[in-house]
Amino acid sequence: MLTIARPRLAALYALNPGCDVQAIAAAEAELAFRLPGDYAALLRLSDGLHTQGRLALLELAAIGPRNADYEVQVYLPGYVMIGDDSGGRALLMRGDQSTVYEVGMGCMDENELTVSARSLEQLLLAFGGRTLGERDASCS
């Protein structure tokens, strides 16, 4: 379960106003899927988030169209695209699991999923919002 407090997140990133519970519930009612609990909790803190690097987490209004455009629920049932690395890799979460995955946007296949972080908290705090590509590049 996401336990980040808004002030801690605001110390690291420029935050948008958060979504209220009613807006999230209304969006879920229109979607063919439920948002992962941790992502819904993040949306209550900030409606989307962009890092100084490449990570872009989707705003509530963009989740439905982005998942439809990439047919996420067709190719990866149970997963929800929550953002991307601004370079062709999608970030996804599954149901009420905390794990964040990355996969190429052109190959939405469960066998191609790579764990990006054990949780949004790890991705945003421990990894500084850096995607796998950014973390791998810093090791070179």
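I started at strand E6 (residues 114–117), where Ala 117 is the bridge partner of Val 100. I keep in mind that this is a predicted model: local features need pLDDT of at least 70, side-chain atom pairs count only at pLDDT 80 or more, and totals for chains, interfaces and linings use all residues. Residues are numbered from 1 along each chain as its sequence is written, and side-chain values use heavy atoms, with hydrogens and water left out.

Next, the pairing of E5. E5 and E6 run antiparallel over three bridges; two strands pair if DSSP finds at least two bridges between them. Strands are DSSP runs of E, at least two residues, and helices are runs of H or I, at least four, numbered from the N terminus. E4 (residues 89–94) also pairs with E5, antiparallel over five bridges, with Leu 91 opposite Glu 102. I found five residues between E4 and E5 in this hairpin, and Gly 95 in the turn has a positive phi of about 45°.

Then I checked burial (buried is under 20% relative accessible area, exposed over 50%, partly exposed in between; 1.4 Å probe, protein chains only). Five of the five residues of E5 (100–104) are buried, so the strand is largely enclosed by the rest of the structure. Side chains alternate between the two faces of the sheet in a regular strand. On one side of E5 I have Val 100, Glu 102 and Gly 104, on the other Tyr 101 and Val 103, all buried.

Last, Ser 46. I placed it in the loop between helix H3 (37–45) and strand E1 (49–50). Ser 46 is buried at 1% relative accessible area.
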